Amino acid sequence: MSRRAKPLLQDDSVAKSKPARPRDPAQPNLPFDPMPERIEPCLALLKPVPPKGPDWVFEVKWDGYRLAIHIEPEGVRIITRGGHDWTHRFPAIAEATSKLGVGTAILDGEAVVLDEEDGPISGRCSARSADAVASVRRRSRCFSLSTCSISMATTCRAPNSPCAGVCLGFLDGPTGAIQSSEEVFGDGALLEKACSMGLEGIIAKHRDRPYRSGRTGDWLKIKCLQSESFMIVGYEQSLTARGGLGSLLLAGRKGHDWIYVGSIGTGFNTKDAEYLRKTLDRLKTSKPAVPLKGKNLVFAQPTLIAEIEFRDWTHDGSLRHASYKGLREVQDNAAVSDMSERATL
């Protein structure tokens, strides 16, 4: 069975959400408040199992790049979670957004690169090769997680709010470059289905909560395998390992400090290892970001961000069965795992 861009919706027996009402193109000329320059995204809190009860709806957890798409009279701006303007990196999404026929709005979305069968290609949005960049420019789509602000001086709420029809009505159909990440109603069985299809996991959203910035618990993420971003703070040299790189030293953020979360030596090939070692050698420092000792350790300035897949955490706060997935963009460090949030998991 071929995968589709909205794989959890293949089963016609699953109840699907609908706009509360169609969008009215002849809206009255209301006195609008100025649109905000930027809205911090609503972030999903990591949980080991899906929540239960009728207050929750579920959707695919996309393995892509979180974006805020600002639709303005002057044009379209695509802003990363870290506040960088990456409109030029997603021309297909920007062009499609400009044709939506909307005056002003801010869409909170996830940019995803799809394969020939419309299945998400894991990690492609953060790949560095020229071919990967060209693929992102040509084939990326944005799945809108929410319309977090529109030209109504209001914040869009959950699917059953009066504003929902306006929020969903102007997006593309099921094959456009800008799509709504549709919700399904069900229980934790959806996680098993998502994992069996090779997806990263699912997102659970509280139906009656407004869009709120930060990790409030209104949105939850449940993963098939855990995956987070960590800062590379050095590496262990090896005379036998590929590229001379035995393992990467990783750290998470805690306030203004870095917390060591362990080392990994799997997931990268010889080409990756050579690139990582050369890059880290240019970032060498005599002042390690985390207090580690070892004669074969090389410390680097906290600059490179690695996406790491892992099974769990050990009791002492290290990653268990971790594997390197790739590098994230250096300048967008907002996604580095915040260790202060682990206490709430």
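**Figure 1. The largest nonpolar core of the predicted model has 25 residues.** A nonpolar core is a set of buried Ala, Val, Leu, Ile, Met, Phe, Trp, Tyr and Cys residues joined through side-chain atoms within 4.5 Å. Buried means under 20% relative accessible area, exposed over 50%, and partly exposed in between (1.4 Å probe, protein chains only). Phe230, Ile232, Leu248, Leu250, Ile308, Leu319 and Tyr324 have the most contacts inside this core. Two or more residues each come from β10 (226–237), β11 (245–254), β12 (257–264), α5 (270–282), β14 (305–310) and β17 (323–327). Helices (H or I, at least four residues) and strands (E, at least two) are DSSP runs, numbered from the N terminus. Another core, of 23 residues, lies apart from the largest one. Phe143, Leu191, Met197 and Tyr211 are among its members.

The model is predicted: local features need pLDDT of at least 70, side-chain atom pairs count only at pLDDT 80 or more, and totals for chains, interfaces and linings use all residues. Residues are numbered from 1 along each chain as its sequence is written, and side-chain values use heavy atoms, leaving out hydrogens and water.

**Figure 2. Surroundings of Ile232.** Contact means heavy atoms within 4.5 Å. Residues up to four places away in sequence are not counted. Ile232 then touches Leu248, Leu249, Leu250, Leu276, Leu280, Leu304 and Leu327, among others. Its partners also include Gln301, Pro302, Thr303 and Ala306.

**Figure 3. Aromatic pairs: six are found in the whole structure.** Rings of Phe, Tyr and Trp (its six-membered ring) pair if their centres lie within 6.5 Å; planes under 30 degrees apart count as stacked, over 60 as edge-to-face and the rest as tilted. Tyr211 and Trp219 form an edge-to-face pair, 5.8 Å centre to centre, with 85 degrees between the planes. Both Tyr211 and Trp219 are buried. The ring centres of Phe230 and Phe310 are 6.3 Å apart and their planes lie at 65 degrees, so this pair is edge-to-face. Phe230 lies in strand β10 and Phe310 in strand β14, so the pair ties together parts 80 residues apart in sequence. Phe230 is buried at 0% relative accessibility; Phe310 is buried at 1% relative accessible area. Ring pairs link Phe230, Phe310 and Trp313 into a cluster.

**Figure 4. Arginines over aromatic rings: Arg89 with Trp86, and Arg328 with Tyr65.** A charge sits over a ring if NZ of Lys or CZ of Arg is within 6 Å of the ring centre and within 35 degrees of the ring normal. Arg89 lies over the face of Trp86, 4.3 Å from the ring centre. Arg328 lies over the face of Tyr65, 4.6 Å from the ring centre.
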